[in-house]
Amino acid sequence: MRRARLTCAAIAIAIVAALARPVYAQPADVVRLLQEIKAADADQLAVSEEDGRFLRVLIASSGAKHALEIGGAFGYSAIWMGLALRETGGRLTTIEYDAARAKLAAAHVRAAGLADVVTVIAGDAFAEIPRLEGALDFVFLDAWKRDYKRFLDLMLPRLAPRGLFLAHNVVNKQSEMRDFLDAIKTDPRLFTTIVTPSSEGMSVSVKVK
């Protein structure tokens with residue numbers, strides 16, 4: 001129980017830090033790269049800057065080392081998480097279904113100097129995840145919303161004790177994932193809260209059983 005309280009405290013610290021005004025702890029060229037990715041994201045597939053900072057702070061505060069992103073788009077959120085994992089000594093695997101987007105994401109990761117931290121995989125996450133080895137202590141889900149519950153069912157057995165499972169768009173697209181939202185709120189293996197670093201909303205679940 002004490003460890004669960006510590007994990008919840010880390011989440012609270014991350015929320016406060018992420019809601020503060022931006023304080024860039026990365027090189028100016030990475031800041032420019034992030035801004036360029038957002039400016040070119042006409043379809044608004046990337047998370048907001050506030051959500052990116054939240055991901056970075058939560059990984060750094062939890063000490064996560066084995067992270068997975070499902071739905072990498074152009075690599076914007078992967079860069080934020082990669083910056084944190086550089087500090088924890090961890091690694092991120094990000095899976096993007098669209099091959100062209102995955103290729104661009106990999107280029108962005110290289111430009112950010114994070115190729116040794118972040119691995120980009122192009123393909124169907126349902127096919128690629130079973131090929132990954134070992135347990136995970138941080139999962140960020142930002143894929144097709146109606147598949148969220150399927151991904152939760154797939155990933156929970158792979159999530160380490162005290163591991164974190166985050167999902168994006170749980171406020172602005174909640175009508176597309178009712179089964180997922182019901183599951184994370186009622187599953188006895190999880191403690192869950194919904195936070196809003198930005199208007200899209202993010203669920204944060206810690207595996208306690």
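A pocket here is an open set of grid points, on a 1 Å grid over the protein atoms alone, where a 1.4 Å probe fits and protein lies on both sides within 12 Å along at least five of seven lines. With that in hand, here are some close-ups of this predicted model.

**View 1. The largest pocket and its lining.** The largest pocket holds about 710 Å³ of space. Its lining is made of 31 residues, and those nearest the pocket centre are Leu45, Asp142, Ala143, Trp144 and Lys145. Two elements, β2 (91-96) and α6 (125-128), each give two or more residues to this lining.

**View 2. Helix α7 against helix α8.** Here the axes of α7 (residues 148-155) and α8 (residues 178-186) come within 7 Å and cross at roughly 35 degrees. From α7, Tyr148, Lys149 and Leu152 meet Asp179, Phe180, Ala183 and Ile184 of α8. By class, this contact has 5 nonpolar and 2 charged residues, with no polar ones.

**View 3. The largest nonpolar core.** This core has 36 residues, and Ile79, Leu114, Phe138, Phe140 and Leu166 have the most contacts inside it. At least two core residues come from each of α2 (28-40), α3 (49-62), α4 (76-88), β4 (136-141), β5 (159-168) and β7 (202-207). The most come from α4, which supplies 8.

View 4. Beyond its neighbours within four places in sequence, Ile79 is in contact with Val30, Leu33, Leu34, Ile37, His108, Ala112 and Leu114.

Note on methods. Residues numbered from 1 in each chain as written. Predicted model: local features only at pLDDT ≥ 70, side-chain atom pairs only at ≥ 80, totals over all residues. Heavy atoms only, no water. 1 Å grid on protein atoms, 1.4 Å probe; cavity = no way out; pocket = protein on both sides within 12 Å on 5 of 7 lines; lining within 4 Å. Points joined across faces, edges and corners; volume = space filled by probe spheres on them. Helix = DSSP H or I, 4+ residues; strand = E, 2+ residues; numbered from the N terminus. Axes fitted to C-alpha atoms, helices over the stretch in contact; angles between N-to-C directions. Contact = heavy atoms within 4.5 Å. Nonpolar A, V, L, I, M, F, W, Y, C, P; charged D, E, K, R; others polar. Core = buried A, V, L, I, M, F, W, Y, C linked by side-chain atoms within 4.5 Å. Buried < 20%, exposed > 50% of the residue type's maximum accessible area, 1.4 Å probe, protein only.
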